[in-house]
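Colleague: Can you walk me through this model? I'd like the fold and the strand pairing.

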Amino acid sequence: MTKLILLMNNQILVSLIEEVPSELGEPDCKLIEPFILNVEDETLSPWLVSVCSQNTFMIHSDKILTIADPKPTLLEKYQNLIK
């Protein structure tokens, strides 16, 4: 499911997200095609694109402050970018 994700470092991502089973202490969320949301102009840019070429990332759920549904216009913009 595509969600708006607020990380503990105040970055806001729009991403497909999956919960994955894991051992205690291991990452338990998979982010697929995450994009950073610039709140001021609602632009999206690929997350970590300047340092790696992958588009799937594992993170700990404790790094996520909250998860919400994106507005329909933002969801459409995101879906157009990942096609």
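**Overall size and fold**

Modeller: With 83 residues, a compact globule would have a radius of gyration near 12 Å, and the protein chain agrees because its own value is 12 Å. That radius is taken over C-alpha atoms, and the globule rule is 2.2 Å times the number of residues to the power 0.38. This is a predicted model, where local features need pLDDT of at least 70, side-chain atom pairs count only at pLDDT 80 or more, and totals for chains, interfaces and linings use all residues. Residues are numbered from 1 along each chain as its sequence is written, and side-chain values use heavy atoms, with hydrogens and water left out.

Colleague: What pattern does the protein chain follow along the sequence?

Modeller: Helices (H or I, at least four residues) and strands (E, at least two) are DSSP runs, numbered from the N terminus. The protein chain has one helix and six strands. Read in sequence order, that gives β-β-β-β-β-β-α.

Colleague: Which residue in E3 is the bridge partner of Val-14?

Modeller: Strands pair if DSSP finds at least two bridges between them. E2 (residues 12–19) pairs with E1 (residues 2–7) in the antiparallel sense over five bridges, and there Val-14 stands opposite Leu-4. E2 also pairs with E3 (residues 29–38), again antiparallel, over six bridges. On that E3 side, the partner of Val-14 is Phe-35.

Colleague: Which residue in the turn between E1 and E2 has a positive phi?

Modeller: E1 and E2 form a hairpin, with four residues between them. The positive phi in that turn is about 75 degrees, and it belongs to Asn-10.
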